[in-house]
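Please look over the sequence and the model shown here. The paragraphs after them go through the parts in turn.

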Amino acid sequence: MSRADSFPPVIGLLGAPPAAAQALSRLGFQALSLPVGNLGGSLLACQTLGIGGVLVHSTFEEAAFAATESDEAARRAGKVDAIALPTGALAGQVLGTYTLTEALSDAVAATHYSARGATALMIGHGPDLAAVLPLTRLGFSQVGFVADHLPAAERLSREVPAGTATYALSRRDSALQTLAERADLIVVAGGSVPPGVLQPYHTLLDLTGRVPAGSATQLQLDELPGLRLSQQLLHVTGQRLSPAALSELAQAMQMAR
């Protein structure tokens, strides 16, 4: 999908720190930091220069979504973390994706957490809940969605695999604590956990990095950064790299600019 006429391949970096460019060079790529003030202009310049695609730092994912033609994963989340700038029949297009959605399922599976037959409660704002929707394909018997507003939770509850029981609540619903008592896994995709929801017998998957686990068991997704970057680079360059080889780049991409 991406440009293959330059070697080493050139990757644009949007909002990433200098350490990301250094890590990419050690992987055999050239990297060019893009101006962040005019994203549309930067992407146009990338196409003119023959840059195959762009890796997007987390702080610019929403801006990148507004400037690209996004796939379904990106549209669900309202974010883009990787942009392909193809040649050939697709030349001139700016194709955005959001790789967290699929990488998350792979990372949870890599922990060997026993999801099949378990129950999960997913808490977020709306778009961030949509990003974790693929987790419902891991075999949970029941999944609850908790969003700021009930319609958002209800919409997601209708998109789980057939045979999975669901329910939808708003954060302020008085039934939340009672239903949370029946959950095995608490997934926090955005915002905070309402008081009394998280208990010692729960397993916590915190994607915000801000929820104190207390005495609950924390599900550590050590492989997520590498799995996600592998998918980002596949979208941008067409090359599939091993997640294990991307630890330095993953660490750099999580740094502030």
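**Helix packing, sheets and pockets**

The buried residues of H5 pack against H4, H6, E11 and H9, where contact means heavy atoms within 4.5 Å. Those buried residues are Leu-100, Thr-101, Ala-103, Leu-104, Ser-105, Ala-107 and Val-108; buried means under 20% relative accessible area, with exposed over 50% and partly exposed in between (1.4 Å probe, protein chains only). Helices (H or I, at least four residues) and strands (E, at least two) are DSSP runs, numbered from the N terminus. An α-helix has 3.6 residues a turn, so residues three or four places apart point the same way. After H5 comes His-112, with a positive phi near 65°.

This is a predicted model, in which local features need pLDDT of at least 70 and side-chain atom pairs count only at pLDDT 80 or more, while totals for chains, interfaces and linings use all residues. Residues are numbered from 1 along each chain as its sequence is written, and side-chain values use heavy atoms, with hydrogens and water left out.

E11 is one of the partners of H5. In E11, Thr-203 and Leu-205 point one way, Leu-204 and Asp-206 point the other way, and all are buried. In a regular strand the side chains alternate between the two faces of the sheet. E11 pairs with strand E10 (residues 185-188) in the parallel sense over 4 bridges; two strands pair if DSSP finds at least two bridges between them. Within this pairing, Val-188 stands opposite Asp-206. E11 also runs parallel to strand E12 (residues 217-218), joined by 2 bridges, and the bridge partner of Leu-204 in E12 is Gln-218.

Next comes an open sheet of 6 strands, in the order E2-E1-E3-E5-E6-E4 and with mixed pairing. Its edge strands, E2 (30-33) and E4 (69-70), each pair on one side only. Strand E1 (residues 10-14) runs parallel to E2, and 4 bridges join them. Val-10 is placed opposite Gln-30 of E2. Helix H1 (residues 18-26) packs on the sheet and touches E1, E2 and strand E3 (53-56), its direction making about 160° with that of E1. Axes are lines fitted to C-alpha atoms, for helices over the stretch in contact, and angles run from 0 to 180 degrees between N-to-C directions. H9 lies across E1, E3, strand E5 (82-84) and strand E6 (95-97), at about 155° to E3.

Where is there open space? Rolling a probe the size of a water molecule over the atoms shows where empty space is left. On a 1 Å grid over the protein atoms alone, a pocket is an open set of points with protein on both sides within 12 Å along at least five of seven lines, and lining residues have an atom within 4 Å of a point. The largest pocket has a volume of about 1,000 Å³, a volume being the space filled by probe spheres set on the points, which are joined across faces, edges and corners. Of its 38 lining residues, the closest to the centre are Ser-58, Leu-100, Leu-207, Leu-224 and Arg-228. H9 gives the most to this lining, with 5 residues.

The second largest pocket holds about 160 Å³ of space. Its lining includes Glu-72, Ala-73, Arg-76 and Thr-101. Helices H4 (72-77) and H5 (100-110) are the elements that give two or more residues to this lining, and H4 gives the most, with 3.

Key. 1 Å grid on protein atoms, 1.4 Å probe; cavity = no way out; pocket = protein on both sides within 12 Å on 5 of 7 lines; lining within 4 Å.
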